[in-house]
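Here is a walk through one protein chain, from its overall makeup down to single residues. Keep the viewer open as you read.

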Amino acid sequence: ASDGDYLQFIGSPTVPTNKTAVQVNTDLNSKLTEVTVASASTCNIGTAASPKVEISGTTTINSLGTSTNCRRTVRFSGASLTLTHNATSLILPGGANIVTAAGDTAEFHSDGSGNWRCVRYTRAHGGAAIFTGVTGSGNDVGSNSPTFTGTTTFPGATVVGSSGRVGILGAVNSGAGINIVGSGIFANAGESNTAFAGNPTDNIAFTGPSGYWCFRSDTSHNLIVGMYNSGTEAKAVQIAQSGLVTILALAAGGAAGSPGGAAGTHSLRTTSGSVWVSISESTTSGTPLGHAIYYSGAAPNGTSSEFLYCIDNSAARAAIRSNGGLANYSANNVNLSDITVKPQFERYSSDELDRLEAAFISVDWGKFKYHDQTHDDWNYGYSAQGAASAFANVNPGLVDVWNPTERVLVGKDDDGNPVFEERNTPIERQLKGVYETDLNNIGNALLARALKRVSVLEAEVAALKAVA
């Protein structure tokens, strides 16, 4: 037809001689007008007066009648009804029942025996997936997601739904599967989700023979990858809303492999020999930094609450204490002193030893207490200022600024993490430090010379006694 005013026929069609082409065209268009057929156990769409059919109502449909060699385009207008799959007379996609929703459309063909096949089914919201027991509507898996009930079998997979829960078992590989629990992929623990008994809400879970791995969000919207065995959770990875990552944050009852093993203990662990438990790498070519340990809620400043604690299966070996002290088996300390790493090595001259001795003696040796020490015992030593004054003309490099730069807390980022800024330390806040090993070795050199002098004097005294 062209412009709707005439028809051109190829071959030898039968054209009513009492009607114009326009009248025939109008009759054909009228045949495409959608007609309504009420849903029923046998919903005979083949006898409808048009190939376009609206199915109204919510009655379950078990058959579309027995009309042969028909094609019908169907629109469902009722809130919801069930199309019942039959492997012979009503063949549906995936071999499964379909729960319709208002606005869904489908195309059905019947064969020479009056058996119907659904060749296309389209959801009103645009989705094409067909599950047993799907109710509700929505174009995403979120707050408007469908509810899944019943059981549907697909090639290579079984979909099991129960009150908002969908599981896919046996897909592709034997034993493999995905289990999505909750109101959808965006579900969280604050929603009414279905979970395994005794365990927190799981959004995605992988079931194995002795437990299962899960991906879930907690009430603080943290992402957790964990493993459950008999209802006991061991978190493998926790990514906090702030972006911080915790590896193996073990819940109560977990074996932490470190002192305490209590709830909230975090650990990095390997079961392989001759491998590092962890390696931290900075690839920057600028100013690399290592690890910072920050007690943001307290200042224990004592011999406990260690910043670093080293222990084996026999005893504690070393610790960096919260008061800044180092506790270890100091007799095992090994200072690298090989001559090959000291290309410049000179012995003291007698004059240099004299100057060092005079400076060493003039150091303000004494006893002191730190301004914030947590005990009342005296400490013994000197002050950096006293050492600087004593060695000013001999070795001024023996004393240096202990804190040339400082990291100042300038605020928090959008996730609440502390933000520090590195700045040059103002002179009024600069502290002095002493290269203590150098000072001790000067003392050792002076002691060696004194012992040598004592030895000479003893020999002279012995000689005088022999003469007398």
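How many helices and strands does the secondary structure of the chain come to? The count is 4 helices and 26 strands. Helices (H or I, at least four residues) and strands (E, at least two) are DSSP runs, numbered from the N terminus. This is a predicted model, in which local features need pLDDT of at least 70, side-chain atom pairs count only at pLDDT 80 or more, and totals for chains, interfaces and linings use all residues. Residues are numbered from 1 along each chain as its sequence is written, and side-chain values use heavy atoms, with hydrogens and water left out.

The chain has 468 residues, and 26% of them count as buried. Buried means under 20% relative accessible area, exposed over 50%, and partly exposed in between (1.4 Å probe, protein chains only). Take the contacts with a separation of 6 or more: 29% of them come from residues 24 or more positions apart. A contact means heavy atoms within 4.5 Å.

Two strands pair if DSSP finds at least two bridges between them.

Strand 3 shows both senses of pairing. Strand 2 (residues 52–56) and strand 3 (residues 71–76) run parallel, over 4 bridges. Here Val-53 stands opposite Val-74, and Ile-55 has Phe-76 as its bridge partner. Strand 3 and strand 7 are antiparallel, joined by 5 bridges. Val-74 has Ala-106 of strand 7 as its bridge partner.

Which side chains of strand 3 are buried? Arg-72, Val-74 and Phe-76 are, and they point to one face.

Follow strand 7 (residues 105–110) to Glu-107. Glu-107 counts as buried because its relative accessibility is 18%. The side chain of Glu-107 makes a polar contact of 2.8 Å with that of His-109. A polar contact is a pair of N or O atoms within 3.5 Å; within protein, one must be able to donate a hydrogen and the other to accept it, and residues adjacent in sequence count only if both atoms are side-chain atoms. Leaving aside neighbours within four places in sequence, Glu-107 touches Arg-71, Arg-72, Thr-73, Arg-117, Cys-118, Val-119 and Arg-120.

Two residues stand out by backbone angle. Asn-301 is not a glycine, yet its phi is positive, about 45 degrees. Asn-301 sits in the loop between strand 17 (245–247) and strand 18 (308–311). Ser-305 lies in the loop between strand 17 and strand 18 too, with a positive phi near 50 degrees. Are these residues buried or partly exposed? Asn-301 is buried, with a relative accessible area of 18%. Ser-305 counts as partly exposed because its relative accessibility is 37%.

Helix 4 gives the most to the lining of the second largest pocket, with 8 residues.
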